[in-house]
Amino acid sequence: MIQLKSRREIEVMRKAGQLTDRARRLAGEMTVPGVTTAEIDREVKRLIEKDGGTPAFLGYRGFPNSVCISVNEEVIHGIPGHRVIAHGDIVSVDVGVLLGGFYGDCAATFAAGEVTAETRRLIDVTRQSFCEGLAFCKEGHRLSDISHAIGSYAEAHGFSVVRDFVGHGIGQQLHEDPEVPNFGVKGRGTRLRAGMTLAIEPMINAGGYAVQILADGWTVITADGSLSAHYENTVLITDGEPEILTVSNL
C-alpha cells in the first residue's frame, strides 16, 4: 500500500532529507585518491549522528556499515573497508538517514581525480537521467512515465539500465511501495498523487545491463566488468512541481 504523507510528515522528511544530503556532500568531498572507503564511512556516520540522525543502512538486513560505497564496476551495496581510492576511480556513495521517525535516501557517483571523457559522460548521463524522470514526477502522471523517461534517455546515449534493482517508495520505512523501475513503457502503473514520496535512483552501466552479487552477499557488480554510475534523490510528489527532499544542486 502506498502511503501519502501529511504536511507534518513531509516537514520531518525534509529535515531527514537535508541531513542525508549533507552526508552525501561530505562523502563527495572525501572522494579523493589515497582515502579509504572505511574513512569515508566513518566520517559520514559521525556527521549523521552529530546532527541527531541514525545511519539508515547500519545493520539493515545485516549490512555491516553506515554507507554503501561502490567503486568502478561495483553498481551498488559496496561494503566500505580497507580499499584505497585510486586516481581515476569513480565512486558511488549511497547514504540513508533516519531522523524523527522518517527516512531520507540519496546517492551520487564521484570521480577521484581525472577520469576519461567517456567515464565523465557516464556520470553525467546517469545524473541527467534522474532529471528526465523528475520531469514526470507530477500528480496525474503514471509511475511508468518516470521509468520510461529515465531508461529511454540513458539508452539513447549508448548506456544500459540495471533491471535487477529499482527505486522505491520511502517514508517511515526505508523501502515502501511502490517500486520505481528505471525502464519500461510509459502510461502504465499507479497514477501519481500529491503526498507520495519516492526514492528515484537510476543505476546505469557503460556496458550491458546484467549484474551479479559477490560472495559477500551485498556488493553488486556489472557482469561484464564495465563501469557503473548511480544517482538518487528522495522526491515528493505535489500538486505542482516535484520537490527534492534531499536538496541538491541540480
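View 1. Cys137 has 0% relative accessibility, so Cys137 counts as buried. Buried means under 20% relative accessible area, exposed means over 50%, and partly exposed lies in between (1.4 Å probe, protein chains only). This is a predicted model, in which local features need pLDDT of at least 70, side-chain atom pairs count only at pLDDT 80 or more, and totals for chains, interfaces and linings use all residues. Residues are numbered from 1 along each chain as its sequence is written, and side-chain values use heavy atoms, with hydrogens and water left out.

View 2. Cys131 counts as buried because its relative accessibility is 18%. The structure holds zero disulfides. A disulfide here is a pair of cysteine sulfur atoms within 2.5 Å.

**View 3. Three strands form an open sheet.** The order is E3-E12-E11, and the pairing is antiparallel. Strand E3 (74–76) and strand E11 (211–213) stand at the edges, each with a single partner strand, so one side of each has no neighbour in the sheet. From one strand to the next, the twist averages 40 degrees. Axes for such angles are lines fitted to C-alpha atoms, for helices over the stretch in contact; angles run from 0 to 180 degrees between N-to-C directions. Strands (E, at least two residues) and helices (H or I, at least four) are DSSP runs, numbered from the N terminus.

**View 4. E3 meets E12.** Strand E12 covers residues 220–222. Two bridges join E3 to E12, and the two strands run antiparallel. Two strands pair if DSSP finds at least two bridges between them. Glu74 has Ile221 in E12 as its bridge partner. Strands of a sheet pair through backbone hydrogen bonds.

**View 5. The whole chain, for context.** The protein chain has four helices and 15 strands. Its C-alpha trace spans about 45 × 45 × 30 Å along the principal axes. Of the 250 residues, 53% are buried.
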